[in-house]
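Subject: Structure for you to look at

Hello,

Here is the structure I promised to pass on. Please open it and keep it on screen while you read my notes below.

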Amino acid sequence: MRGRRAQQVDRRPRPGAEAGTGPRQSSVTAAATGSWLLRGNDDRLAVFALSEGGVHRWTETSAGGGRWGGPHLFPVDGLTGLTVGQGANRYVHLLGRRESRPDGGAAKVDLVYAVQYQSGRTLGEWRSLGNPFRDPKDGATLGEPAVGVDGQGTVHVFVSGAPGGIMLRRESRSGAWEAWKDLRGGAVAGRLTAAANSAGLVELLAPGNRSVMRWVQTEQGADLRRAQDLTPAPAPGSAALLETAPGVFTAYWSEWSGTGVYAQRPGEWAFPVGGAPGEGPLATLRATLDGYDCTVLAHRGRTGTAVIGVCGTGGEAEGLWWTDTGVACLGTPALALDGRGRVVVAVVTGDGNVLVNRQRPEPGLTLSDWHPLPVG
């Protein structure tokens with residue numbers, strides 16, 4: 001990286017693409033959580049977004065080519081949230097929180113699950129994973145799920161609710177789903193986050209009222225165990241994970257009183273890295289910039305715009321270069337590397353469009369114009 005040239009962002013959306021002002025409308029209602037911009041098994045990127053009537057997906061027509069096909073709608077009624085995850089085999093796992101009101105009565109809440117095995121192909125059948133809370137009042141408080149896929153391809157689904165603690169449901173080796181298991185823990189404040197490292201071991205972060213609770217898997221197929229909490233206290237739902245050394249996650253979260261983002265690795269103290277995040281989690285990515293291994297973070301800032309930060313991987317204590325893109329977004333921006341190794345950023349705008357920005361072939365992280373994805 002080269003000083004402040006490590007990150008430059010063109011703040012000019014293409015005509016008609018500014019949040020809330022574009023003439024083109026889509027039915028996207030929210031950004032998903034997790035890795036909602038990701039690369040498939042043929043190196044083409046795909047975008048998944050929560051939409052009226054289900055899930056919309058866009059897919060690159062060629063790896064890194066910049067053109068997109070879609071949107072394709074995968075219908076499922078009653079979704080109030082969507083989480084997207086991916087395993088080492090690049091299968092895409094979609095988890096939705098669903099509400100229905102049979103006969104106009106009390107809300108019935110469950111989780112639904114579907115898989116995309118190949119880029120651009122249709123999803124597998126949506127299946128219900130139920131609700132771990134049997135009491136209807138408790139069941140209605142079910143939070144949005146988090147998903148982690150271990151090195152054996154086993155899907156781990158984590159949720160929380162008003163009764164407190166974390167509930168886990170995972171696939172068995174036969175492909176059947178095991179019963180819900182209580183991981184315990186205290187009250188959860190906002191969304192969970194889960195990921196698997198390069199050794200195939202799953203880790204879970206759960207922002208609490210006073211700390212970020214943490215669970216780790218120490219060997220393939222083992223149960224997750226409670227690890228040391230992370231402090232200072234987090235803003236609700238703000239935690240994120242990124243593998244910054246082989247088998248080692250760095251945790252990132254926003255401090256609750258608004259002092260900015262914190263980072264922590266196992267065995268080290270937490271340290272501030274700046275930024276001015278608003279609500280929601282951070283997106284994380286490792287990328288090679290100017291030949292350097294770098295960490296890229298993104299979040300929705302306090303003014304509602306997408307904010308991006310860059311530092312050398314493992315060098316967060318020296319500070320990040322933060323840049324406000326000036327583009328308003330709903331939820332957390334998404335980050336990914338395309339098939340040519342370039343950083344790509346995606347946001348959902350206030351008028352229901354999805355904008356994508358791609359790294360220019362210039363020093364550092366220099367982004368180009370924002371391009372709206374096609375509208376169906």
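Two strands pair if DSSP finds at least two bridges between them. Keep that in mind for the first stop, Val-84. This residue stands opposite Leu-94 in S9. Remember too that the model is predicted.

Strand S8 covers residues 79-86, and strand S9 covers residues 92-100. The two run antiparallel to each other and pair over seven bridges. They belong to an open sheet of five strands. Its order is S3-S8-S9-S10-S11, and the pairing is mixed. Strand S3 (33-34) and strand S11 (127-130) are the edges, each pairing on one side only.

What does Val-84 touch, leaving out residues up to four places away in sequence? The list includes Trp-36, Phe-48, Val-92, Leu-94 and Val-147.

As background, nonpolar side chains in soluble globular proteins tend to be buried together.

**The whole protein**

The secondary structure comes to one helix and 32 strands. The radius of gyration is 19 Å, close to the 21 Å from the globule rule for 376 residues, so the protein is as compact as a globular protein of that length. The C-alpha trace spans about 55 × 50 × 40 Å along its principal axes. Buried residues make up 54% of the 376. The protein exposes about 15900 Å², and carbon and sulfur atoms supply 47% of that area. Now take contacts between residues at least 6 apart in sequence: 44% of them join residues at least 24 apart.

**Cysteines**

Cys-294 is buried, because its relative accessibility is 0%.

**Ser-211**

Ser-211 lies in the loop between strand S17 (202-207) and strand S18 (212-216). Is this residue buried or exposed? Ser-211 counts as buried, at 11% relative accessibility. Among the residues that Ser-211 touches are Ala-206, Asp-229 and Thr-231. Glu-255 is 44 residues away along the chain, yet its C-alpha atom is separated from that of Ser-211 by 9.6 Å.

**Backbone details**

Two cis peptide bonds deserve a look.

- Gly-70 and Pro-71 are joined by a cis bond, with omega about 5°. Pro-71 is in strand S7 (residues 68-75).
- The bond from Thr-231 to Pro-232 is cis, with omega near 15°. Pro-232 is in the loop between strand S19 (225-230) and strand S20 (240-245).

Then check two arginines.

- Arg-90 has a positive phi, near 70°. This residue is in the loop between S8 and S9, and is partly exposed at 26%.
- Arg-184 has a positive phi, near 65°. This residue lies in strand S15 (residues 181-184), and is exposed at 61%.

Best wishes

Technical notes: Residues numbered from 1 in each chain as written. Predicted model: local features only at pLDDT ≥ 70, side-chain atom pairs only at ≥ 80, totals over all residues. Heavy atoms only, no water. Buried < 20%, exposed > 50% of the residue type's maximum accessible area, 1.4 Å probe, protein only. Helix = DSSP H or I, 4+ residues; strand = E, 2+ residues; numbered from the N terminus. Contact = heavy atoms within 4.5 Å. Rg over C-alpha atoms; globule rule 2.2 N^0.38 Å. Areas by Shrake-Rupley, 256 points an atom, 1.4 Å probe, with all protein chains shown as cover.
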